[in-house]
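Open the model in your viewer and get ready to select residues by number. We will go stop by stop.

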Amino acid sequence: MTSGTSLSGGPGRTAPSSAPPADPAAKPPVVADARIEHKTDSKHTIGQVLTTARLAAELTVEEVAAETSVRVPIIQAIEQDDFSRCGGDFYARGHIRTLARAVRADGDLLVAQYDDAHGGAPVATRPLPVFEAERLRPERRRGNWTGAMVAATLVVIAVIGFNLVGSRSTDTAAVTRTVHPARPSAARPLLSPPKPVAKPVAKPVAKPSAAPTTVTLKVSAEGGDSWLEVTNAAGSTLYRDDLAKGATQTFTDAKQLSMVFGNAGAVHLWVNGKDTGKPGADGQVVNADATLKGLQTS
């Protein structure tokens, strides 16, 4: 017999769809661009965003270190969200911005995320005007005329003495011929004129170079980018920013200039007009002071 009941168990009912149910544990696809991922998912840490962006750009840690002059151990620590090797919040922001630029990530958003997690961004200060120290003009020295005048005076005295001696010899010979005509007197030899004695001319003594009265600092980023902070003796900040490769800054103060370099091997210094070279090695964080006596590093 034919039954009126369908295979589904009841009349008028259709068989259920054979499509499998959606898997609730399936993960969303990974976004390739680290900047887009940072904007859409705030749960990703700074290290994860930089690592994802570096891998998407097909760069190794060594290649990023060669391009940014940041040492490999510091890059590896930042990718693990360990900022203790950066030397403080100030330098950590600089390293984050530099690495983000190298892997084409959004450095501003990453720095903002860092500030949210570490107490906010620092208060920006207005850089003070920089004046170059005036060059000391060498004093024009006058010629030493004392020796020449002494020599000329001695020559005049010698000529006058020679004339007086010659005149006396002539008068004596005339008197002798008059009194004793039969005995001619022998001619008295003429006295030779005294030779002028030239006094030694004193050589001009070279004046020692004047000591600097103003501390002058010139910083040139010849080897690459470097984070730079410069403060004067009063504690005011004259400069706090990245110094791009090829850029040069000059600072002056009456007593002292204090500096912090994020990449000491990339900069070249001149203190009080003297070439002092590089303050440290590549990727090294160095604190230094420029005084009237020269450069002092710590």
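Select strands S6 and S7 to begin. They pair in the antiparallel sense, over three bridges. Keep in mind that this is a predicted model. Now pick out Trp-270 and look across to S7: the residue opposite is Asp-275.

**Stop at Asp-275**

Stay on Asp-275, which has its place in strand S7. Is Asp-275 buried, exposed or partly exposed? Its relative accessibility is 47%, so Asp-275 counts as partly exposed. Buried would need a value under 20%, and exposed one over 50%. Asp-275 and Lys-218 are 57 residues apart in sequence. In space, their C-alpha atoms are 9.4 Å apart.

Now select S1, residues 215–220. S1 is mostly covered, with five of its six residues buried. Look at its pairing with S4, residues 248–253. Six bridges join S1 to S4, and the two run antiparallel.

Then look at S1 with S6, residues 268–271. Here four bridges join the strands, again in an antiparallel run. Select Ser-220 to find its bridge partner in S6, which is His-268.

**The five-strand sheet**

Clear the view and select S3, S2, S5, S8 and S9. In what order do these five strands lie? They form an open sheet ordered S3-S2-S5-S8-S9, and the pairing is antiparallel. S3 and S9 (294–297) are the edge strands, each pairing on one side only. The twist in this sheet averages 15° from one strand to the next.

Zoom in on S2 and S3. Six bridges join them, and they run antiparallel.

**Three salt bridges**

How many salt bridges does a search of the whole structure find? The search finds three. Visit each in turn.

Select Arg-240 and Glu-229. They form a salt bridge, with the closest N and O atoms 3.3 Å apart. Arg-240 lies in strand S3 (residues 237–243) and Glu-229 in strand S2 (residues 226–232), so the pair ties together parts that are eleven residues apart in sequence. Glu-229 is buried, because its relative accessible area is 16% and buried means under 20%.

Next, select Arg-54 and Glu-79. In this salt bridge, the closest N and O atoms are 2.7 Å apart. The pair links distant parts of the chain, 25 residues apart. Arg-54 is in helix H2 (residues 46–56), and Glu-79 is in helix H4 (residues 72–79). Arg-54 and Glu-79 are buried.

Then move to Arg-93 and Asp-115. Their closest N and O atoms are 2.5 Å apart, and the pair forms a salt bridge. Arg-93 lies in helix H5 (residues 89–102) and Asp-115 in helix H6, so the pair ties together parts that are 22 residues apart in sequence. Both residues, Arg-93 and Asp-115, are buried.

**Along helix H6**

Select H6 from end to end, residues 107–117. Which of its residues are buried? They are Gly-107, Leu-110, Val-111, Gln-113, Tyr-114 and Asp-115. Now go to the N-terminal end of H6, which is capped by Asp-106. A side-chain oxygen of Asp-106 lies 3.2 Å from the backbone nitrogen of Asp-108. At the other end, find Gly-119, which follows H6. Its phi is positive, near 95°.

**Last stop: a surface patch**

Show the surface and select Val-156, Ile-160 and Leu-164. Together they make a nonpolar surface patch of about 280 Å². Leu-164 has its place in helix H7, residues 146–179.

Key. Residues are numbered from 1 along each chain as its sequence is written. This is a predicted model: local features need pLDDT of at least 70, side-chain atom pairs count only at pLDDT 80 or more; totals for chains, interfaces and linings use all residues. Side-chain values use heavy atoms; hydrogens and water are left out. Buried means under 20% relative accessible area, exposed over 50%, partly exposed in between (1.4 Å probe, protein chains only). Two strands pair if DSSP finds at least two bridges between them. A polar contact is a pair of N or O atoms within 3.5 Å; within protein, one must be able to donate a hydrogen and the other to accept it, and residues adjacent in sequence count only if both atoms are side-chain atoms. A salt bridge is a side-chain nitrogen of Lys or Arg within 4 Å of a carboxyl oxygen of Asp or Glu. Patches are made of residues with over 30% relative accessible area and no salt bridge: like charges are joined within 9 Å, nonpolar side chains (Val, Leu, Ile, Met, Phe, Trp, Tyr) within 5 Å. Accessible areas come from the Shrake-Rupley method with a 1.4 Å probe; for residues, only the protein chains shown count as cover. Axes are lines fitted to C-alpha atoms, for helices over the stretch in contact, and angles run from 0 to 180 degrees between N-to-C directions.
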